[in-house]
Amino acid sequence: MARMRMNQAVAAALGDEMRQDPTVVVFGEDVAAAGGPFKTSDGLLEEFGPLRVRDTPISEMGFLGMAVGAAASGLRPVAEIMFIEFLGVALDQVVTEAAKFHFLSNGVFTCPMVVRASVGAGLGFGCQHSQTFENWLNNAPGLKMAVASGPQSAYGLMRSAIRDPNPVVVLEPRALYGGRGPVTRGEEGIIPLGEIARVREGDDVTIVTAGAMLRVAMAAAKSSDNWSAEVIDLQTLIPWDRDAVVSAVRRTGRLVIVEESPYTSGWGTEISAYVGSRLFGELKAPVLRVTCPDVPVPFGRELELRYMPNKEYVTDQIDQLMATGRVPEPWWVGEGSRV
Amino acid sequence: MGDRTKMERRLALAADRVARYERMVEIRAFEDRVQGLFAEGVVHGTTHTAQGQEAVAVGIAAVARPTDTVTCTYRGHGMGLALGMTPESILGEIMGREMGCIGGIAGSMHLVDKELGLLPTFAIIGAGIPVAAGAALTAQVKGTDDAAIGVFGDGASNIGAFHEGLNLAAIWKLPVVFVCENNQYGEYSRINLTTPIEDLADRAVSYGIPGIMVDGQDPDATVKAVSEALDRARSGEGPTLLEMKTYRYAGHSRADKAEYRPEGEFERWFQRDPINTFRARLESEGLLAEGQADEVDRQVAARIEAAMETVKASPPAGVDAMFRNIYAPV
């Protein structure tokens with residue numbers, strides 16, 4: 001098992017899949033000659049050549065449309081969206097074309113394409129390059145969506161996504177690209193879509209999280225002596241493993257969702273509604289969502305760190321939940337902002 | 001004649017100009033009948049018919065191989081029929097019946113036939129243009145000599161997907177033919193109100209590819225143009241933009257009576273009606289005997305009526321249909 005950075009793990013997954021399946025092609029802006037702006041496709045051009053690894057013009061609508069057509073006619077394209085915001089100019093091809101292709105062909109055509117996108121705050125890119133936008137995608141039946149939380153997760157989810165016969169969006173938290181971890185490659189390292197990872201055992205509260213918030217949730221869980229938290233990495237947001245989450249929360253009696261996105265209509269809203277309504281009367285406390293405030297991501301280092309949930313804040317929120325049995329106010333209420 | 005398989009219907013157009021005439025008549029009769037159905041309120045929703053544009057669809061279908069990929073728009077009934085789809089499978093979809101090409105869950109704007117090379121038709125303007133380039137990418141990567149044909153309207157030439165799709169196809173020399181059906185109207189707006197140039201073929205210059213104006217009312221001209229562009233694509237020379245000058249006889253959709261049309265415009269175009277013109281040519285060449293065209297027209301009308309009866313008597317899509325095929329099984 002090699003230790004590698006998450007960006008290297010992405011490249012390893014692409015390379016391993018391309019070696020096994022000659023129909024896998026990779027394209028996007030600066031993914032070939034430069035190896036990707038975040039080095040997530042380093043070495044692929046050299047190994048697989050310019051027919052299968054291509055730099056595109058800056059034209060997301062064009063190359064995502066191209067991915068749809070290529071997928072429908074026999075390739076397995078992996079297209080990179082450098083920053084998730086750039087998907088905004090091409091969303092049609094993902095949510096309205098790719099996601100409906102199988103349905104609109106009476107099940108005859110499939111659209112096995114992968115859209116990779118870097119997401120999230122923490123690196124000082126400002127409010128137009130730091131969002132996560134899961135909610136652009138989580139209301140479009142026909143689409144799958146996974147979120148990487150580290151090197152192994154990025155490797156395993158990517159390989160599943162490429163093999164899946166449906167369009168899959170894989171979100172890669174940009175702040176995690178440089179983080180190292182052990183990676184099991186090959187079939188053993190593949191993580192099926194639609195399954196959670198129970199990353200930590202605990203009895204008092206179930207923390208459900210994804211992406212870059214996994215390490216924050218883990219740090220909070222490890223730091224508390226007052227309560228013991230089970231931590232679940234959701235891994236796949238669509239379809240998410242409802243049964244596994246419900247049964248986990250039923251056991252602990254408390255659900256805390258930690259998300260890196262604004263409060264309103266974050267992905268955790270759906271988890272909260274589903275679990276809260278299913279387990280009404282069984283829970284020991286109301287469902288708590290720990291999120292970012294409803295503001296554009298600020299640029300300054302201190303502000304950006306404040307914007308995202310951190311270990312201390314998550315710990316404090318759970319402390320209050322355990323002590324009072326009520327959902328505590330988020331920090332930004334003290335700054336004059338509404339929930 | 002009515003019992004031919006869809007592949008026989010497709011291949012019939014390859015060498016036989018009389019068959020092309022017959023298919024154009026079929027498209028016209030079909031669209032007239034569909035328009036009537038909506039006007040009578042027999043089916044709900046909307047529809048976009050293609051009377052006047054028959055020579056474009058037939059020109060493409062006559063020379064494209066079934067292994068080539070075609071993307072086309074929500075104004076797709078004519079294209080579907082030309083490619084070989086049966087009137088029943090299209091009408092079934094329009095009327096929401098199980099026997100429709102998508103099982104009746106999609107409606108008039110959505111047609112598909114994989115064996116005939118037709119991807120699910122696109123109800124979003126311009127969306128099919130880069131998708132056609134993607135199908136061409138598959139041919140290039142796999143090293144086949146298949147090609148793709150992206151069909152879209154004049155209105156789509158103003159949307160970003162047009163620019164992005166053509167630019168990508170051009171830099172990678174993809175085997176694709178872009179066919180712009182310039183029917184003079186983008187929805188309710190005349191093309192000159194939305195577009196600062198007269199000839200959309202001129203746009204090809206900015207991609208460094210050939211842009212060719214074609215008489216879209218003449219099936220001999222459309223066949224020749226598509227054939228040459230496909231040859232170019234298959235031989236690795238890259239994409240071509242064909243602008244087919246044609247005319248949309250109906251309004252944009254069911255609700256549109258096209259009252260914005262200048263007086264006399266329709267009449268001027270109708271003087272060059274693609275069916276009448278082609279019929280006269282085939283008669284003068286002796287390919288259609290005296291009275292033979294009338295007989296073709298009668299047979300086609302009877303076939304469409306029979307299809308109508310078959311579809312009307314068939315069951316509508318059941319509730320279970322909407323839960324099918326959302327995800328392909330892993």
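Colleague: What do the buried residues of helix α4(A) pack against?

Modeller: In this predicted model, they pack against α3 (60-72), β5 (114-119) and β7 (168-173) of chain A. They also pack against α6 (128-142) of chain B.

Colleague: Which residues of α4(A) are the buried ones?

Modeller: The helix covers residues 91-101 of chain A. Its buried residues are Q93(A), V94(A), V95(A), E97(A), A98(A), A99(A) and F101(A). Buried means under 20% relative accessible area.

Colleague: Now chain A as a whole. How many helices and strands does chain A have?

Modeller: Chain A has 10 helices and 14 strands.

Colleague: What makes chain A as compact as a globular protein of its length?

Modeller: Set the value against the rule. The radius of gyration of chain A is 20 Å. The globule rule gives 20 Å for 339 residues, so chain A is as compact as a globular protein of that length. Its C-alpha trace spans about 60 × 45 × 40 Å along the principal axes.

Colleague: What share of chain A is buried, and what share of its contacts is between residues 24 or more positions apart?

Modeller: Buried residues make up 61% of the 339 residues in chain A. Among its contacts with a separation of 6 or more, 79% join residues 24 or more positions apart.

Colleague: And chain B: how many helices and strands?

Modeller: Chain B has 12 helices and seven strands.

Colleague: How do you know whether chain B is as compact as a globular protein of its length?

Modeller: Same test. The radius of gyration of chain B is 19 Å. For 330 residues the globule rule gives 20 Å, and the two values are close, so chain B passes as being as compact as a globular protein of that length. The C-alpha trace of chain B spans about 55 × 50 × 40 Å along its principal axes. Buried residues make up 58% of the chain's 330 residues.

Colleague: How many positive and negative side chains does chain B have, and how far apart are the centres of the two sets?

Modeller: There are 33 positive and 46 negative side chains in chain B. The centres of the two sets lie 2 Å apart. In chain A, the mean positions of 31 positive and 40 negative charges are 3 Å apart.

Colleague: Some single residues next. Why is L13(B) called buried?

Modeller: The cut-off is under 20% relative accessible area. L13(B) has 0%, so it counts as buried. L13(B) sits in the loop between α1 (6-12) and α2 (17-39) of chain B.

Colleague: Which residues are in contact with L13(B), beyond its neighbours within four places in sequence?

Modeller: They are A19(B), R20(B), R23(B), V58(B), A61(B), A62(B) and A82(B). R23(B) is 10 residues from L13(B) along the chain, and their C-alpha atoms are separated by 8.3 Å.

Colleague: Is E187(B) buried, partly exposed or exposed?

Modeller: Buried is under 20% and exposed is over 50%. E187(B) has a relative accessible area of 41%, so it is partly exposed. E187(B) lies in the loop between β4 (185-186) and β5 (189-190) of chain B.

Colleague: What is the phi of E187(B)?

Modeller: Phi of E187(B) is near 55 degrees, a positive value in a residue other than glycine. A258(B) also has a positive phi, of about 60 degrees, and is not a glycine.

Colleague: Why does A258(B) count as buried?

Modeller: Its relative accessibility is 7%, and the limit is 20%, so A258(B) counts as buried. A258(B) lies in the loop between β7 (240-245) and α10 (265-270) of chain B. H252(B) is found in the loop between β7 and α10 too. H252(B) counts as buried at 7% relative accessibility.

Colleague: What does H252(B) touch, not counting residues up to four places away in sequence?

Modeller: H252(B) touches T47(B), H48(B), Y74(B), R75(B), E187(B), Y188(B) and Y260(B).

Colleague: Is the peptide bond from I238(A) to P239(A) cis or trans?

Modeller: The bond is cis, with omega near -10 degrees. P239(A) is in the loop between β12 (236-238) and α7 (242-252) of chain A.

Colleague: What are the confidence scores?

Modeller: The mean pLDDT of chain B is 96, and 99% of its residues reach 70 or more. The model scores ipTM 0.96 and pTM 0.96.

How values were computed. Residues numbered from 1 in each chain as written. Chains lettered and ligands numbered in written order. Predicted model: local features only at pLDDT ≥ 70, side-chain atom pairs only at ≥ 80, totals over all residues. Heavy atoms only, no water. Helix = DSSP H or I, 4+ residues; strand = E, 2+ residues; numbered from the N terminus. Rg over C-alpha atoms; globule rule 2.2 N^0.38 Å. Buried < 20%, exposed > 50% of the residue type's maximum accessible area, 1.4 Å probe, protein only. Lys, Arg positive; Asp, Glu negative; His and termini not counted. Charge placed at Lys NZ, Arg CZ, Asp CG, Glu CD. Contact = heavy atoms within 4.5 Å. pLDDT = per-residue confidence, 0-100.
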